[in-house]
Amino acid sequence: MRKMLFSVFTLSVLLFICITVVEAGDWLVAKSYYYKRTVLPGASHSFNVRLNYPSNVDPLAPATITFYAFLVLTRNNISTEVYQPPFTTYDINNGENRTFNLRFNMPSQEGVYTVAMVIVSGMISPPDGTVFVRVFGKYPLVIGTPRQALNAHPSKLAFGELRMGRFMYPIPVKVRYNMFLPNKLGDPQSWALRIYTDNANRFKGIPKTVRKLSCSGLIHSSGKYTMPLKFWTLNWGPDPHNGGWDGVMQGPPPVEDDDFWKGPEIDESRKEKEKRDFERGAWLSVPDYSNMGVGRDAWRSLVGVFTYDGQYLNPLNPTGDFTLTQQPDPFDMFFATEAGSTAVKGQYSGRVILELFSP
Amino acid sequence: MIKKIVFGFLYSVLCSNIVFAVDVEPGRLELTLPAGSDHKVSFKLSNRTSEIMVIGVSSGDYRFLLSENSVLPKGKNPNQLIKHCKGWISSELSNLVVNPAEEKEVFLNIKVPQNAKGEYAACLILDQVSEVKKNNDVVGDALVAESFGEGGDDDVLLDDDPMFSDNDSFFTDKSLLKDNESSNIDLSPDNEALVFDKDNEFNNESSISKLNNSDKDNSSAKAVDLLKKQKLDLADNDTLLKNKHNEPVVDNESSDNSVSTVHDEAQLDVDLKVVYRRSVPIYVFVDGTTKIDGKITGVSFESVKDDMQIENHLSRLKIETTLKNTGSRHIRLKGTIVIMNSKGEVVDTLSTGKTLPIFPSVSEIIPVYWKCPKVSAEYTAVITLDLGDNNIAQTTKSFSTDSEGFVVK
């Protein structure tokens, strides 16, 4: 008899626990949340969450729920659970709407993290308590130290002696950068790394000349002639599906191929100047500052981040997983030039400026 | 020939590198100043590297970074939407030496004319003039290296090293460089081949004298030496090269042309250098003459049918909100879109992100994507945009979807 009573009691307890586990998930509702998007590594960071404990949620629901919250930060598919240093529990009464300010010490590893807050029963030590609600952050948390660092190697290229034709300098300029520009509200700011020459500011030009030519590119030692300078990075294509060249696998597209150097053919029947889409050439001309207008197309951005969506210049992030949005760092930049049939022999030199601008 | 190329490659790979790790604080300056006033502002430069950095300081035109969703008023370009104030800004220093782990301040004077009205913009331009390592190694853009270290008291005579025989050009004669060191560089306005713009940041004369007056410490004095030597570079490598090729090359084989073009036998020497520049925007609002205002001029809903992989029960919906800046200064929008069902319950809250500056009279189309359930339903979107300084633009728009989650109304 005793055994039977004990079994019934045990079953009742288990049933009650099961019901509680199943139902408890619906007891709390997260109405909203807020956290600053950027934080220093290892710093304490505040997360606000507004919770609602509806009064008519369940007749079995207790008058007060005690809960504990912890964070799950995910970076590159590796999740880290972050707990509050002292085991702190919070209470919310039935029928109450309340905002909780929870502080956590952030990991010391810099990076972009996906955020989830798990709110569990505070009756048992986390993370074993019954999960009341999971709050998934819709924007990434960037852990990092504000930096504006750039490294380009090599920064001097001696092409050597060239003959007529196109020539790509075979060694890439490896560009590494660490641009992290949060403002005082903790929002990351947009920035772009641009490439141009500043020849027009450097040379006022030849007096009494009738025609002013574009001064972009490499300048002859006499100052009277220029040679085009082009660059290629993976950030600018070409699209392997359209151009038939996969830059990731094959590296810089061949300079000898007009489709990559000038732009793909769109209409063979037209004249040379009209038959190509010059905007879509994989090799892009390095413009001169004086030639650049204010439009986006006029500037050549090597890389940048825009805060509309927090994604990078060529985003490939269809699932919305912030941690999969990888900054192309470092990236390789190749330079090439062309000595046409009218090029004047002698010494040419150029100075390419990499400019960081955050408006 | 092959030897030269190999040597050049080795030189490029081993000996040239630019590192720029000077943090600028603040990264942007927005000032409201009365017309006719003088104002002094400062920027802090922190050197996070272990190398001494020499930074050229100057003012420049404002740089536009427009979104691809910006719609300009017809017949206008952005230069007509904002006035430039480069000429209002003056700096005490045009070159600054920042030691490793040091923080230095750059002071700028902004003089607002009496008749100024509206919004103006300019940029503080910081150029990497050079960098020199403590351990006597040349790095990056350092063209004639020097020692700035505590223990290093002698200049490194790189002229003796064939790898450093030239500033920019590896192939330039060492003897030529030495000739030019004895001020043979032709910078006269009559030099028709290269008329150098002496007003721009590459004119180093004033920089050196200013630096002499302003920075008295040891390392700065050495930096002055460095700058003097760099005068060679800043006066331009091209000028050096011009001296090397003083006369246009006459092609003996072709008497018709005064200069030779490239034939199979003829050759070109090409050198390239990469340098770093940081531009910091400065916005000036003339007190009492600007206002923030904006109007939501359109909201559209569109189903996105593409290959993006999202959950099976969801489809993608694009909500485009168009806001026109009807004020007289730029704004940066930040807002939310709250989507409610027919019962008035909140289904989702979306962030619009933060836009780039939107200048007066410019419209901005703000795209926001929503993962929409594949159910036939009616929704209401409440769009709230924060224009700044407690100015809000808000609108409400209804839409409905079919069982595939596509917009039908």
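What volume does the second largest pocket have? In this predicted model, the second largest pocket comes to about 1,100 Å³.

## The second largest pocket

Some terms before going on. On a 1 Å grid over the protein atoms alone, a pocket is an open set of points with protein on both sides within 12 Å along at least five of seven lines, and a lining residue has an atom within 4 Å of a point. The volume is the space filled by probe spheres set on the points, with a 1.4 Å probe.

There are 41 lining residues, and N183(A), K184(A), L185(A), Q189(A) and R28(B) sit closest to the pocket's centre. By type, the lining splits into 14 nonpolar, 12 polar and 15 charged residues (Asp, Glu, Lys and Arg count as charged; Ala, Val, Leu, Ile, Met, Phe, Trp, Tyr, Cys and Pro as nonpolar; the others, Gly among them, as polar). Among the elements giving two or more residues to that lining are strand 11 (147-153) of chain A, and strand 12 (268-286) and strand 18 of chain B.

Strands here are DSSP runs of E with at least two residues, numbered from the N terminus, and two of them pair if DSSP finds at least two bridges between them.

On one side, strand 18 (residues 377-388) is joined to strand 15 (residues 334-341) by eight bridges. Here G335(B) partners L385(B), and N341(B) stands opposite Y379(B).

## Confidence and conventions

The model scores ipTM 0.73 and pTM 0.71. Chain B has a mean pLDDT (the predictor's per-residue confidence, 0 to 100) of 69, with 59% of its residues at 70 or more. Over residues 131-220 of chain B, pLDDT stays under 50, and the model has 217 contacts (heavy atoms within 4.5 Å) beyond four places in sequence for them. Residues 229-258 of chain B are also below 50, with 78 contacts beyond near neighbours in sequence.

Residues are numbered from 1 along each chain as written, while chains are lettered from A and ligands numbered from 1 in the order written. Local features need pLDDT of at least 70 and side-chain atom pairs 80 or more, whereas totals for chains, interfaces and linings use all residues, and side-chain values use heavy atoms, leaving out hydrogens and water.

Note on methods:
Helix = DSSP H or I, 4+ residues; strand = E, 2+ residues; numbered from the N terminus.
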